[in-house]
Amino acid sequence: MPQHPLKQPIGPFALTRALAWLRLCAIAGQSTAVMICSWWMHIDIPTLSLFLGIDLLAVFAVFAAWRIGQPWPVREWETVCHIVADTLVLVYLLYFTGGASNPFITLLLVPIALSAAALSIRAVLAVAAIAGTAYFVLLRWHVPLPINEQMRSDYGFSLHVAGMGVNFCITALLLGFFINRLATAVRVQQQEVQRVRERALRDEGIMAIATQAAGAAHELNTPLSTMRTLLPELRREHVADMRLNEDLTLLEDQVERCRMILREMVAFGKAQLSQDFERLALADFIRGCVERFQLLRPEAELELHVAPQIEQLVLRSPPGLRHALLNLLNNAVDASNLRDSSSVTLEVRRDKQWLEWIVRDRGPGFATAGTRTAIGESGKQSGLGIGLALAEATAERLDGELLATNTESGAEVCLRLPLWAIHDE
């Protein structure tokens with residue numbers, strides 16, 4: 001049974017990347033320590049052997065940096081191998097500098113702590129076993145530090161205490177910094193899981209609405225056909241009644257509009273199943289949307305702004321994009337009507353690798369501007385309340401986003417879509 005997302009470890013990649021930075025710090029710190037002991041304190045340590053181990057660690061650091069940049073995923077066993085390589089180099093250096101009596105022996109605990117924050121229990125036990133084995137090996141086999149009687153009188157116990165103090169500071173900084181980075185990765189992962197869960201719940205609700213809409217569309221076709229047949233007969237029977245004829249004409253237009261909407265619903269469903277995207281220039285796409293919008297809302301006053309340099313941009317338009325844009329425009333008109341206005345503005349512009357569709361109204365604005373909670377809180381008193389939710393679902397399906405903010409004259413909704421998702425090269 002798979003683990004619950006919130007209970008899964010951070011993952012090997014996050015730890016491997018943290019180890020890459022930690023390895024660079026280790027190389028710099030070890031080189032500094034060797035130079036201080038050999039050149040400043042004049043301790044007779046095997047400098048060449050120590051620098052050989054540090055050089056090996058540097059070579060491995062270059063390999064690890066290259067590996068992190070590769071596209072294939074980092075497995076847990078691979079992260080454990082990185083930890084083993086770092087541990088072996090540390091054991092090698094400690095072997096020539098006193099073994100377990102070296103105050104830096106506690107650095108063997110750092111890989112265990114980092115593994116516990118990012119890997120599975122089995123991997124943590126493996127790392128702990130390797131570090132424990134290394135500790136007991138250094139207890140038995142090591143090269144003692146060549147500290148003579150003069151150095152004991154000069155430094156004495158204070159030299160060991162100073163090493164312990166430096167070791168404590170290094171361990172505290174490393175654990176604090178890198179575990180904080182891993183904890184940040186945990187929080188980001190939890191937020192992403194929560195966002196995906198909310199999106200799944202919303203999509204499930206939209207799917208339920210779509211299922212009901214499909215059934216309703218099938219059932220509405222019959223009464224609409226009946227009305228379409230009876231209305232012309234009623235007009236012929238009451239030719240002299242001009243007022244009634246005007247009402248019947250309006251009803252015929254509304255019935256035809258309903259039939260057109262039902263046909264588009266069926267066409268949209270077929271296109272969504274076949275993934276057959278419509279390909280046309282941006283200017284033609286916008287013209288079609290504007291004509292459809294003016295047919296639906298003839299009372300609206302639409303102000304259109306399109307950058308001339310992007311009008312010939314060829315779109316690979318998914319079926320939901322036109323409906324999302326019409327929903328935004330329709331909601332904008334409803335919002336403007338709340339302040340006795342029918343003016344809306346549509347601006348289309350390109351922002352680097354993004355195509356932005358900005359809809360502005362003259363309404364009262366959103367209850368909470370500038371946040372995701374503003375979506376769906378425009379204060380409308382009519383409608384089904386799902387227009388913005390459907391537009392947001394379309395944006396997320398195309399790896400875009402829907403942003404809602406308030407302006408001085410009303411509200412602004414920006415549908416941002418990446419060009420790679422809708423641009424046909």
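Biologist: What is the protein made of in terms of helices and strands, and how much of it counts as buried?

Modeller: The predicted model has 12 helices and seven strands, and 38% of its 425 residues count as buried. The protein exposes about 24600 Å², of which carbon and sulfur atoms supply 62%.

Biologist: Which residues does UniProt list under "transmembrane region", and what is the chain like over residues 21–41 and 47–68?

Modeller: The unreviewed UniProt entry lists residues 21–41, 47–68, 104–137 and 157–179 under that name, and such annotations may be inferred rather than shown by experiment. In the model, residues 21–41 are 95% helix and 0% strand, with 29 Å between the end C-alpha atoms, while residues 47–68 are 100% helix and 0% strand, with their end C-alpha atoms 31 Å apart.

Biologist: Why is the aromatic pair of Tyr92 and Phe96 called edge-to-face?

Modeller: A search of the whole structure finds seven aromatic pairs. In the pair of Tyr92 and Phe96 the ring centres are 5.1 Å apart and the planes stand at 70 degrees; because rings pair when their centres lie within 6.5 Å, and planes over 60 degrees apart count as edge-to-face, the name applies. The pair of Tyr135 and Phe136, at 5.9 Å centre to centre and 85 degrees between the planes, is edge-to-face on the same cut-offs.

Biologist: How are Tyr135 and Phe136 classed, and why?

Modeller: Tyr135 has a relative accessibility of 34% and so counts as partly exposed, since that value lies between 20% and 50%. Phe136, with a relative accessible area of 59%, is over 50% and is therefore exposed.

Biologist: How do you know that the buried residues of helix α4 are on the same side of α4?

Modeller: Helix α4 covers residues 109–118, and its buried residues are Val110, Pro111, Leu114, Ser115 and Ala118. They cover an arc of only 130 degrees around the axis, so they are on the same side of α4. The face turned away from that buried side carries the exposed residues Leu109 and Ala116.

Biologist: Why is Asn245 called buried, and which residues is Asn245 in contact with, leaving aside its neighbours within four places in sequence?

Modeller: Asn245 belongs to helix α8, residues 242–274, and has a relative accessible area of 11%, which is under 20%, so Asn245 is buried. Leaving aside neighbours within four places in sequence, Asn245 is in contact with Arg235, His238 and Val239.

Notes
Residues are numbered from 1 along each chain as its sequence is written. This is a predicted model: local features need pLDDT of at least 70, side-chain atom pairs count only at pLDDT 80 or more; totals for chains, interfaces and linings use all residues. Side-chain values use heavy atoms; hydrogens and water are left out. Helices (H or I, at least four residues) and strands (E, at least two) are DSSP runs, numbered from the N terminus. Rings of Phe, Tyr and Trp (its six-membered ring) pair if their centres lie within 6.5 Å; planes under 30 degrees apart count as stacked, over 60 as edge-to-face and the rest as tilted. Buried means under 20% relative accessible area, exposed over 50%, partly exposed in between (1.4 Å probe, protein chains only). Accessible areas come from the Shrake-Rupley method with a 1.4 Å probe; for residues, only the protein chains shown count as cover. The arc is that of the directions from the helix axis to the C-beta atoms. Contact means heavy atoms within 4.5 Å.
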